[in-house]
Amino acid sequence: MKTTVPFRARGWLKMTPEKQDTLLKLLILSLAAILSFSCRLFSVLRFESVIHEFDPYFNYRTTRYLTEEGFYNFHNWFDDRAWYPLGRIIGGTIYPGLMVTSAALYHALQFLHITIDIRNVCVFLAPLFSSLTTIVTYLLTKELKDASSGLVAAAMISIVPGYISRSVAGSYDNEGIAIFCMLLTYYLWIKAVKTGGLFWAALCAIAYFYMVSSWGGYVFLINLIPLHVLALMITGRFSHRIYVAYSTVYCLGTVLSMQISFVGFQPVQSSEHMAALGVFGLCQLYSFVEYVRSRVPSEHFKVLYKHLIFAIGVAVAIVGVILTITGKISPWTGRFYSLLDPSYAKNNIPIIASVSEHQPTSWSSFYFDLQMLVFLFPVGLYFCFSKLTDSNIFIIMYGVTSIYFAGVMVRLMLVLAPVMCILSGIGISAMLSTYMKDLDVSKSNKKLKKFESNFVLKNEIAWAFVVIMTGFLVTYTMHCTWVTSEAYSSPSIVLSARTHDGSRIIFDDFREAYFWLRHNTAEDAKVMSWWDYGYQITAMANRTILVDNNTWNNTHISRVGQAMASSEEKAYEIMRELDVNYVLVIFGGLSGYSSDDINKFLWMVRIGGSTEKGSHIKETDYYTPSGEFRVDKDGSPVLLNCLMYKMCYYRFGSVYTEAGKPPGYDRVRNAEIGNKDFELDVLEEAYTTEHWLVRIYKVKDLPNRGV
């Protein structure tokens with residue numbers, strides 16, 4: 001009886017092995033890209049299509065302005081709602097790549113008659129670019145090793161928590177597109193190094209320009225590429241290809257990057273960019289020396305070489321010193337110093353140290369965000385070292401430098417995650433390729449290998465290795481899914497908690513408070529709060545704020561800190577000086593929300609006392625004699641009578657929070673507050689949200705004369 005082969009099967013069988021291989025790669029890569037997008041949608045499915053965190057609200061507000069008013073008005077926009085009474089020039093103080101990308105995508109969809117709100121474009125932009133990151137990771141790893149390594153790396157980066165933490169739906173921040181830009185630049189750089197072609201180098205410079213327009217982390221990139229070129233020089237691998245690639249990337253990339261207003265002349269004036277300039281000059285010198293060597297007899301060349309190097313070294317040193325003294329070359333910034341010395345910010349710039357994402361990374365965070373990649377990273381390094389090429393030297397340097405910076409600052413885990421996936425993909429692919437050869441042995445091969453005493457053992461070891469590796473990959477997938485769902489898919493604007501029976505409770509106090517501000521205060525009302533909430537207030541409440549998350553003016557933030565840390569009388573003077581109408585504080589003592597203003601209060605004290613006007617504020621005054629920070633009856637009298645304490649705990653002394661506990665029991669500090677019965681003199685309570693998370697107070701007017 002003749003068997004019939006289904007049409008699709010016949011079509012598959014008729015395909016050549018090469019076409020089958022290509023189709024399979026496309027299928028795997030497509031599935032990885034779809035997985036990358038879909039696994040970032042937990043927050044949308046669980047809550048709604050909403051912007052997360054703090055900075056994304058500023059990005060959303062500026063993007064909306066760009067789509068409504070056009071690029072010219074956006075570039076020249078002076079925002080009088082921020083940093084009252086100073087204001088802020090938006091076009092010259094941001095990296096516009098994120099906003100321009102969203103606006104371009106929005107207008108493209110409108111042109112195609114696809115109706116979508118700009119907010120939804122912002123919400124889903126990061127998941128979309130994560131899919132593109134998956135594809136470019138495949139291309140980069142393929143250039144470094146082979147296609148199989150690229151597929152493994154692509155599958156890993158699609159779900160790695162270290163990258164998902166900044167690219168879930170609603171996380172509308174610069175990093176959402178910056179990682180794609182960074183890996184695209186690296187891919188095009190490797191292509192330029194391999195080919196020495198002007199075309200790939202020019203594309204690399206354009207990708208670098210996109211990176212510069214998107215994120216301040218481009219400084220890492222423009223230092224890593226020169227470091228790679230320098231390493232190639234030292235190891236004797238410098239060639240015409242490297243010269244053409246780097247000269248093109250540096251010249252064209254620098255000119256393009258200077259078109260970003262916020263960057264300006266920094267590429268030729270700031271210390272962070274001097275390494276790139278120095279390596280560019282070194283390339284010219286190296287090439288000139290090689291040219292002279294080919295034209296001059298060896299005995300004459302040695303004399304000329306010594307004198308030439310000495311003269312150029314002295315000239316460069318003199319020029320560098322003069323430019324530094326005259327201020328033409330600016331010194332390193334505080335953030336850059338904090339990368340080299342983790343204790344620098346804590347000792348010198350408290351505003352930088354107060355940001356949670358600028359803290360050093362704990363060992364547990366590495367495993368939480370990377371899981372098995374931590375152990376596979378050295379394996380990938382081993383395989384790169386075993387076959388050193390120009391490309392492998394680059395990925396080794398990327399891995400080593402990024403693991404240092406990720407250890408110094410938890411935010412830079414984002415830079416480490418891609419190279420972890422790439423090197424792990426190389427390691428897994430190489431090991432599986434080795435052992436898979438011993439899995440399926442035909443009878444003919446058995447006859448050829450019958451004299452090998454360890455033949456059976458090799459087969460069993462291969463099976464055991466493949467099964468164990470499969471188990472590790474399954475646990476990696478489960479870990480990534482759980483971390484994404486539970487840790488990185490909860491928007492800070494909408495909080496959730498579980499009751500004893502497992503049901504979910506939603507805390508929507510932030511939007512409730514901002515909605516109240518928007519509809520119950522004058523349009524020109526000025527709101528004072530700590531800088532963390534500035535972007536959300538301007539975006540959602542549309543009210544003028546004193547400070548926000550840009551933190552560009554430490555003196556202004558210090559003034560707000562002084563008001564929060566002072567007594568009512570002194571705070572009132574500052575509030576009148578700054579024309580404050582309302583004060584907003586975040587309080588978690590009732591709901592158990594630990595990231596409230598009481599837990600941030602010591603940073604307000606440190607920042608408030610860091611300027612001349614706040615020199616009277618001493619951190620030690622807010623501790624007990626034994627050096628403890630307490631809110632109960634044993635707490636410092638200065639703390640128990642400051643403005644922040646009174647605004648958070650006003651009327652709280654009569655509230656029961658837990659069964660068996662006295663009234664006024666703070667569930668975050670696990671203590672009964674020490675100052676219960678007090679009245680506010682210069683403020684009056686305007687609004688408190690349902691769960692007491694946000695409390696808003698109105699500043700009283702000055703009393704009439706004679707009263």
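Guide: Axes here are lines fitted to C-alpha atoms, for helices over the stretch in contact, with angles from 0 to 180 degrees between N-to-C directions. This is a predicted model, where local features need pLDDT of at least 70, side-chain atom pairs need 80 or more, and totals for chains, interfaces and linings use all residues. Residues count from 1 along each chain as its sequence is written, and side-chain values use heavy atoms, without hydrogens or water.

Visitor: At roughly what angle do helix 22 and helix 23 cross?
Guide: Helices are DSSP runs of H or I, at least four residues, and strands are E runs of at least two, numbered from the N terminus. Helix 23 covers residues 413–436, and its axis comes within 9 Å of helix 22's. They cross at roughly 140 degrees.

Visitor: How are helix 12 and helix 22 oriented to each other?
Guide: The axes of helix 12 (residues 218–234) and helix 22 (residues 390–408) come within 10 Å, crossing at roughly 135 degrees. Under 35 is roughly parallel, over 145 roughly antiparallel, 65 to 115 roughly perpendicular, the rest oblique. So the pair is oblique.

Visitor: Which residue in the hairpin turn between strand 10 and strand 11 has a positive phi?
Guide: Strand 10 (residues 683–688) and strand 11 (residues 694–699) run antiparallel, joined by 5 bridges; pairing takes at least two DSSP bridges. Between them lie 5 residues, and the one with a phi of about 60 degrees is Trp692.
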